[in-house]
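Please open the model in your viewer and keep the sequence panel beside it. The tour below moves from one selection to the next and says what is found at each stop.

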Amino acid sequence: MTNRPAIQIENCQFRYHPDSDKALLQIAHWQVEKGETVFVYGPSGSGKSTLLNLLAGILLPQQGSIKLDEVTLNQLSNRKRDAFRARHIGMVFQRFNLIPYLTVADNIKLASHFSSHDKPYLQQRSLELMNDLQLDIELLERPASQLSVGQQQRVAIVRALINQPELLIVDEPTSALDSDARDSFVDLLLKQVKVAGATIIFVSHDRSLAQHFSRQLDIQSFMVAGEKHAV
Ligand SMILES: Nc1ncnc2c1ncn2[C@@H]1O[C@H](COP(=O)(O)OP(=O)(O)OP(=O)(O)O)[C@@H](O)[C@H]1O
């Protein structure tokens, strides 16, 4: 059972405007195994964020299927898809979506709302993650707006990992950092992913980060109709 792929996409087409004659993304076949770390690159506007939204079940393809661990996202009801996302997928976005006026602790709590774990366990887990990511525990009581960009990014990782997701989806979180800080951010992130045995899909414009990952995907290969994608 553990050999099921983390992600399996078949004959998928997605367009934002249903009557447009050309799909933005066409994916004949794409598979990611559990534990793979995938770096996704491509020019601005090429569909990287769209792919992440499809993987998270936030967008649905007009055609084809997207399966995460054998669960077909587009066959779930909206409610079940929301619950599935909350339990199984951690997300870190370009703008980290921390709620600025809530404390760090409350931001993390919001993400653990759907967790199957109890409160003491979640508290313990957030302390461990804060520690692993070199975040001072005192920050828990600070409003997110009072954190530096680097601290906010690490809190966003804590929040994304709190439910022990099998899949982590990360969209260009490093653009505000200099290159040393970027490398150490990615190092920290990948260490956590490895410990958790999770799979990660990481989008960035910065190709120098690709070396940290086990596999690369040029999103433009998903823009060619009918092509079989060997990546
Ligand atoms: N909600 C939307 N409605 C209609 N078109 C959209 C929508 N969101 C994105 N698009 C279009 O789809 C294309 C792909 O956008 P997407 O955000 O996936 O690109 P990206 O590769 O992530 O870009 P960037 O690197 O600039 O973040 C773009 O042409 C964009 O204008």
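Begin by selecting strand E1, residues 7–14, where Asn11 has its place; strands here are DSSP runs of E with at least two residues, helices are runs of H or I with at least four, and both are numbered from the N terminus. This is a predicted model, in which local features need pLDDT of at least 70 and side-chain atom pairs count only at pLDDT 80 or more, while totals for chains, interfaces and linings use all residues. Residues are numbered from 1 along each chain as its sequence is written.

Stay on Asn11 and look at its backbone: phi is positive, at about 45°, although the residue is not a glycine. Asn11 counts as partly exposed because it has 13 C-beta neighbours inside 10 Å; with C-beta atoms placed from the backbone, a residue is buried if 20 or more others lie within 10 Å of its own, exposed if 12 or fewer, and partly exposed in between.

Next, select Gln134 in the loop between helix H4 (119–132) and helix H5 (149–161). Gln134 too is a non-glycine residue with a positive phi, of about 55°, and it counts as exposed because it has 11 C-beta neighbours inside 10 Å.

Now move to helix H6, residues 179–196, and pick out Ser184. With 13 C-beta neighbours inside 10 Å, Ser184 counts as partly exposed.

For the next stop, centre the view on the ligand and select the residues around it: Tyr16, Leu24, Gly42, Ser44, Gly45, Ser46, Gly47, Lys48, Ser49 and Thr50.

Finally, zoom out to the whole protein, which has six helices and nine strands. Its radius of gyration, 18 Å, is close to the 17 Å that the globule rule gives for 231 residues, so the protein is as compact as a globular protein of that length; the radius is taken over C-alpha atoms, and the rule is 2.2 Å times the number of residues to the power 0.38. Along its principal axes the C-alpha trace spans about 55 × 40 × 35 Å, and buried residues make up 32% of the 231 residues.

Note on methods: A residue is near a molecule or strand if its C-beta atom, placed from the backbone, lies within 6 Å of it.
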